[in-house]
Amino acid sequence: MIMHGSPLHAVWLGSVPYGDALALQRSLLEQRRDGLISDTLLLLEHPHVYTLGRRGVGEHVLADAAALARLGAEVFETDRGGEVTYHGPGQLVGYPILSIREAKLGPVAYVRLLEQAIIETLRDYGISGHCVVGKTGVWVGGKPGAKPNKGEVPAGQKIAAIGVRVSAGIAMHGFALNVSSDLDYFSHIVPCGMPDVSVASLESLTDKQVPVKDVGETAAHQLAEVLQKDLVWVEPTSIAA
């Protein structure tokens, strides 16, 4: 495949508190908007945190303050699309700071590309992922492409969530792929506003332990592929807030 445009810079950051990662994204978005940096993919894990997107409601966090303290989790309101989700150790989080304007993509088409990259990543680990019509994210099991009835939970299990925000043609936030996540943490929320939704992880489906960083490297290559960009790995010290 012939690559075009600016390269995609990827960096593995390890475990980063949600608030710190959000501040870094906002800084990089301004730099990308001003043409100071290339498209950049942040790959990381978060400590336990529940985040509320723009359509999230507090009632979808089922744990009270005492339970949250026992879980070691905080609650963070943020500006991504979507509702309530969970981030924590064992989950690959990818935040592409990317000019969708230069890529000639609309927000919906961009989300579809993120889903495609995740599906290709899962395929590398022997997992068949798919999309559900009318729902954002990637699913396993069930019937690929099926459209659930109104109010119905899609068949299958959700393995990856996606939520983005676009400002001045630059996208931030991104995807969260369960690798070896403690899935019990999802029982304390209404994930993505869907009661009784079932979740899965790469480990729960394959019974294999794969380092999150390794899955991140695979995801970076797949994202660069669907974006038709050269992938360039950079050191964390080169990412300035």
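Me: Is Arg33 buried, exposed or partly exposed?

Reply: Bear in mind that this is a predicted model. Arg33 has a relative accessible area of 44%, so it is partly exposed. Its side chain meets that of Asp34 in a salt bridge, at 3.4 Å from N to O, and Asp34, at 47% relative accessibility, likewise counts as partly exposed.

Me: How many salt bridges are there in the whole structure, and which residues are linked in a network?

Reply: A search of the whole structure finds six salt bridges, and Arg32, Asp39, Glu102 and Lys229 are linked in a network of them. Within that network, the side chains of Asp39 and Arg32 meet at 2.7 Å, N to O, and both of these residues are buried. Another salt bridge joins the side chains of Glu120 and Arg123, also with an N to O distance of 2.7 Å; these two residues lie three apart in helix H3, which is about one turn of the helix, and Glu120 is partly exposed, with a relative accessible area of 25%.

Me: How should I read a strand such as E2, and which way do its residues point?

Reply: In a regular strand the side chains alternate between the two faces of the sheet. In strand E2 (39–45), Asp39, Leu41, Leu43 and Glu45 point one way, while Thr40, Leu42 and Leu44 point the other way. Seven of the seven residues of E2 are buried, so this strand is largely enclosed by the rest of the structure.

Me: Which strands pair with E2, and in which sense, parallel or antiparallel?

Reply: With E1 the pairing is parallel, over seven bridges, and it places Val11 opposite Leu42 and makes Leu41 the bridge partner of Ala10. The chain passes from E1 to E2 through helix H1 (residues 18–33), in a β-α-β crossover that is right-handed. With E6, by contrast, E2 pairs in the antiparallel sense over five bridges, and there the bridge partner of Leu42 is Tyr95. E1 has a further parallel pairing, over three bridges, with strand E11 (residues 231–233), where Leu8 is partnered by Leu231.

Me: How do I check a helix, taking H3 as the case, and what do its buried residues pack against?

Reply: One check compares the expected span with the distance between the ends: at 1.5 Å a residue, the 18 residues of H3 should span 26 Å, and its end C-alpha atoms are 26 Å apart, which agrees. The buried residues of H3, including Leu114, Ile118 and Leu122, pack against E6, strand E7 (129–132), E8, E9, E10 and H5. After H3 comes Gly126, whose phi is positive, near 80°.

Me: Which residues touch the most other members of the largest nonpolar core?

Reply: In soluble globular proteins, nonpolar side chains tend to be buried together. Here the largest nonpolar core has 38 residues, of which Leu92, Ile118, Phe175, Leu177 and Leu223 touch the most other members. The elements giving two or more residues to this core include strand E6 (91–99), helix H3 (107–124) and helix H5 (212–227). A second, separate core of 19 residues includes Val16, Ala21, Leu24 and Leu29. Leaving aside neighbours within four places in sequence, Leu92 is in contact with residues that include Trp12, Leu43, Phe175 and Val215.

Note on methods. Residues are numbered from 1 along each chain as its sequence is written. This is a predicted model: local features need pLDDT of at least 70, side-chain atom pairs count only at pLDDT 80 or more; totals for chains, interfaces and linings use all residues. Side-chain values use heavy atoms; hydrogens and water are left out. A nonpolar core is a set of buried Ala, Val, Leu, Ile, Met, Phe, Trp, Tyr and Cys residues joined through side-chain atoms within 4.5 Å. Buried means under 20% relative accessible area, exposed over 50%, partly exposed in between (1.4 Å probe, protein chains only). Helices (H or I, at least four residues) and strands (E, at least two) are DSSP runs, numbered from the N terminus. Contact means heavy atoms within 4.5 Å. The expected span of a helix is 1.5 Å times one less than its number of residues. Two strands pair if DSSP finds at least two bridges between them. A crossover is right-handed if, with the strands pointing away from the viewer, the path from the first strand over the helix to the second runs clockwise. A salt bridge is a side-chain nitrogen of Lys or Arg within 4 Å of a carboxyl oxygen of Asp or Glu.
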